[in-house]
Amino acid sequence: MTTAAPAPPPTAPDLATLWRLIVQAGGMKAYVDARLEERGFLVVRRDADAMSDREKDAYKKELKQEAEERRKLRREAWAAYKANHVVHLGEGVFWTDEVREDKWDTPNSEERAAENELPALDKPEQLAEALGVTVPQLRGMAYHRDAATSLHYVRFTIPKRDGTERPIWAPKKRLKAAQRWILQNIVERLPVHGAAQGFLAGRSILTNAAVHVNAKIILKMDIKEFFPTVTVRRVKGVFRRAGYRDGIATLLSQICTEAPREVVELDGKTYYVSLGPRCLPQGAPTSPALTNALCLRLDRRLAGLAKRYGWRYTRYADDMTFSLPAEHAGPPKLGAVMGCVRRIVAAEGFEVKDDKTRVHRTGGRQAVTGLVVNGDGEPRASRTLRRQLRSAIHKLKTGKPLKEGETVARLHGYAAFVYMTDPKLGKKLLADLNGVE
């Protein structure tokens, strides 16, 4: 006699169909009771005191069979529920599958979202469909663990100008695709201030520098730990103000953030241990654009401050630049401007990095995002860079070795940098480089 193989677990489409049946039945309890009755397992409760021993044994057997079948049906119903609901997002993350209004909803949220042409997203399954994933996959991307054994990111470092290493967390394929959808369909449609020059179509280091040509004084200030300061709560606030309710805003903010982590080896196993709250990772495509949306009020306040004192203001990521036009009459009030900037930045939840604050006057070279802005001409690459580039090309032509750390690929990048501000010279340098490769 052969034993029949156990039935395979329900597949995703079966679970979707099962959940529809549960909803039609009026909930999980009603569905389970209906299935028990349909299959002949639902026992009518009777007074056991009036039963004989044989009747009691038979009654207990029926109850046991009903309990076993009820447990089986509950497991199936719970699997169907989890396949269609988020359920839980990990330690410290509030979640409810109920779609409901709360006091933090943006007034006229639907109208605000429609004004910005944002996709209508009310339920997790709508977001999952938009991202091209299942609800369980959506939950996996948004789930938080303080000690994780795997991540949706690959970590590497790049050298900074001061010699230290900058950690980059690059999202893996599925998460990156989800972040790109959020970027293109939501974040890039949010309002940003005209002073923001980084990571926006039509704006660049060139447009940033062009604002500050012919300046009497240039003041440059950096925001300390810019991306790590933008925590998941602040990112969630961006999506809430955009018009999304708590549930969708929670999912979006979880997908766009990750905790800073330390790699720990314990008992032969690797753990990625959280060192603080989730924040914007350097390497996620959504991070720069989210900072622009988040800094709308900061930029408004700093632009207003600059205008009051006769200065000009732009921000490229964490680099804030203020300049006093050469034609400005009267005292520059540099100290007042610097003090007000620090107070405004602090009030907006950031901190100025004092050791990166620089003041450039007309007597020396004035550079903004790497471009020289002295005088009333167009921003341009520095004379030193152009000279070094010509020297490197000459070495290549004569067969001499390049300086340590210098590569042809890097020289191409420098030539393209020159081309951005001086197309004629840049084109010649690129042609020279192509001719000696």
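**Entry 1: Lys-333**

I looked up Lys-333 and placed it in the loop between β8 (319-325) and α14. Helices (H or I, at least four residues) and strands (E, at least two) are DSSP runs, numbered from the N terminus. The model is predicted, so I noted that local features need pLDDT of at least 70, that side-chain atom pairs count only at pLDDT 80 or more, and that totals for chains, interfaces and linings use all residues. Residues are numbered from 1 along each chain as its sequence is written, and side-chain values use heavy atoms, with hydrogens and water left out.

I found a positive phi of about 55° at Lys-333, although it is not a glycine. Most residues other than glycine have a negative phi. Lys-333 is partly exposed because its relative accessible area is 47%; buried means under 20% relative accessible area, exposed over 50%, and partly exposed in between (1.4 Å probe, protein chains only).

**Entry 2: Phe-199**

I then turned to Phe-199, which is found in the loop between α7 (173-185) and α8 (205-210). Phe-199 has a positive phi of about 65° and is not a glycine. With a relative accessible area of 44%, Phe-199 is partly exposed.

**Entry 3: the nonpolar cores**

I looked next for nonpolar cores, each a set of buried Ala, Val, Leu, Ile, Met, Phe, Trp, Tyr and Cys residues joined through side-chain atoms within 4.5 Å. In soluble globular proteins, nonpolar side chains tend to be buried together. The largest core has 71 residues, of which Leu-131, Phe-239, Trp-311 and Met-320 touch the most other members. Helix α14 (residues 334-347) gives the largest share of this core, 7 residues. I also noted a second, separate core of 12 residues, which includes Leu-18, Leu-36, Leu-73 and Tyr-81.

I listed contacts (heavy atoms within 4.5 Å) for Phe-239. Leaving aside neighbours within four places in sequence, the contacts of Phe-239 include Ile-182, Ile-186, Tyr-244, Cys-256 and Leu-290.

**Entry 4: the second largest pocket**

I examined the second largest pocket, whose volume is about 400 Å³. On a 1 Å grid over the protein atoms alone, a pocket is an open set of points where a 1.4 Å probe fits, with protein on both sides within 12 Å along at least five of seven lines; lining residues have an atom within 4 Å of a point. Grid points are joined across faces, edges and corners, and the volume is the space filled by probe spheres set on the points.

I found 14 lining residues, with Arg-241, Ala-293, Leu-294, Leu-296 and Arg-297 lying nearest the centre of this pocket. The elements giving two or more residues to the lining are α10 (232-242), α12 (287-294) and α13 (296-309); α10 gives the most, with 4 residues. The lining divides into 7 nonpolar, 1 polar and 6 charged residues. Here Ala, Val, Leu, Ile, Met, Phe, Trp, Tyr, Cys and Pro count as nonpolar, Asp, Glu, Lys and Arg as charged, and the others, Gly among them, as polar.

**Entry 5: a sheet**

I traced an open sheet of 3 strands in the order β1-β6-β5, with antiparallel pairing. Two strands pair if DSSP finds at least two bridges between them. The edge strands, β1 (147-148) and β5 (261-266), each pair on one side only. I counted 2 bridges from β1 to strand β6 (residues 269-274); the partner of Ala-147 in β6 is Val-273.
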